[in-house]
Amino acid sequence: MQRYGLIGRHLGHSFSSEHFSKRFVKEGLKDHRYDLFELADIAELPELLRTTRGLRGLNVTVPYKEAVIPFLDEMDPLAAAGGAVNTIVIDNGRITGHNTDVAGFRSLISPLVPTLRDPGSDIKARALVLGSGGASRAVAFVLRELGVRFRIVSRSRERGDLTWDLMDPTVVRVCRLIINTTPIGMFPNVEEAPPLPYAALTAKHTLIDLVYNPKETAFLKHGRSHGARIIGGLGMLHAQADEAWRIWQQQDN
Ligand SMILES: NC(=O)c1ccc[n+]([C@@H]2O[C@H](COP(=O)([O-])OP(=O)(O)OC[C@H]3O[C@@H](n4cnc5c(N)ncnc54)[C@H](OP(=O)(O)O)[C@@H]3O)[C@@H](O)[C@H]2O)c1
């Protein structure tokens, strides 16, 4: 039996479990299994690894994406650059950490980049990245790679380039790409949206929300009502899961 799973603190409803269980059925992988492993503390990980026979890979979710790092033997350079791990490979007792959010966000944004500029303009696109956590670091990595200039918006002056009180209509007008990497608006708080002057949005704006539940968040609804292009987090969620599967399969080749 080849076993995979998800570690986190509260795993009530998990996208990954459903995604991988369906995938194993679809691909006829009867000897593959995906389980949820709720850990009250990340210090329980070595015991889980020791006692779960056939464990080949784990996804990692809140709040252990950073806390898991001291338990790894090795880090993939992308995970090391982002300082967060959401996928683990277990190969002959050796544990390697990866971050598939980078690949997930890259696949979402890359096709859009040429469309972010005005036709005939050589002015580079400017972006606002809302939040400074693990997903924000993956987004920042990809934007740097693509040469998109951006500012991080944070509640804290130390963690961001801008704080929320500086989000005036001029900033929003200039930054035509706005990416929400905070959990604001996530179920069950579906009425909440990041505090921005939404009236400054235009049809030239693109709003991306990494939140995937609900599919269309209050943040995206504001964008839609001002004619902006809107993109939810589901595409990235699938892309990052596909990347995890690709990494796990590499062990077998
Ligand atoms: N679609 C996907 O594939 C995908 C992948 C990864 C994550 N996500 C989603 O992205 C969201 C963030 O995940 P994460 O792992 O990056 O979480 P995280 O590490 O906790 O970071 C979230 C950041 O958002 C900001 N924030 C949190 N609560 C806030 C509030 N009430 N008001 C304003 N800002 C707040 C904080 O930044 P400051 O402290 O700087 O304010 C925090 O660092 C979650 O909803 C997650 O489900 C989606």
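**Close-up views of a predicted model**

**View 1. Pro 188 sits in the loop between β10 (177-180) and β11 (206-209).** The model is predicted. The peptide bond from Phe 187 to Pro 188 is cis. Its omega is near 5°.

**View 2. A cis bond leads from Asn 213 to Pro 214.** Omega is near 5° here. Pro 214 belongs to the loop that runs between β11 and α7 (218-225). Most peptide bonds are trans.

**View 3. Asn 92 has a positive phi.** The angle is about 50°, although Asn 92 is not a glycine. Most residues other than glycine have a negative phi. Asn 92 is found in the loop between β5 and β6 (94-98).

**View 4. Six strands form an open sheet.** The strand order is β2-β1-β3-β5-β6-β4. Pairing in the sheet is mixed. β2 (32-38) and β4 (74-75) stand at the edges. Each of these two has a single partner strand, so one side of each lacks a neighbour in the sheet.

**View 5. Strands β3 and β5 run antiparallel.** β3 covers residues 55-60, and β5 covers residues 87-91. Three bridges join the two strands. Asn 59 stands opposite Thr 87 in β5.

**View 6. Helix α1 packs on the sheet.** The helix spans residues 15-26. It touches β1 (2-8), β2 and β3. The direction of α1 makes about 170° with that of β2.

**View 7. The ligand is surrounded by 22 residues.** The closest are Ser 132, Ala 135, Ser 154, Arg 155 and Arg 159. By class, the shell holds nine nonpolar, nine polar and four charged residues.

View 8. Taken alone, the ligand exposes 900 Å². The protein buries 79% of that area.

**View 9. Helices α5 (134-146) and α8 (234-250) each give two or more residues to the shell around the ligand.** Which element gives the most to this shell? It is α8, with three residues.

Methods. Residues are numbered from 1 along each chain as its sequence is written. This is a predicted model: local features need pLDDT of at least 70, side-chain atom pairs count only at pLDDT 80 or more; totals for chains, interfaces and linings use all residues. Side-chain values use heavy atoms; hydrogens and water are left out. A residue is near a molecule or strand if one of its heavy atoms lies within 4 Å of it. Accessible areas come from the Shrake-Rupley method with a 1.4 Å probe; for residues, only the protein chains shown count as cover. Helices (H or I, at least four residues) and strands (E, at least two) are DSSP runs, numbered from the N terminus. Ala, Val, Leu, Ile, Met, Phe, Trp, Tyr, Cys and Pro count as nonpolar, Asp, Glu, Lys and Arg as charged, and the others, Gly among them, as polar. Two strands pair if DSSP finds at least two bridges between them. Contact means heavy atoms within 4.5 Å. Axes are lines fitted to C-alpha atoms, for helices over the stretch in contact, and angles run from 0 to 180 degrees between N-to-C directions.
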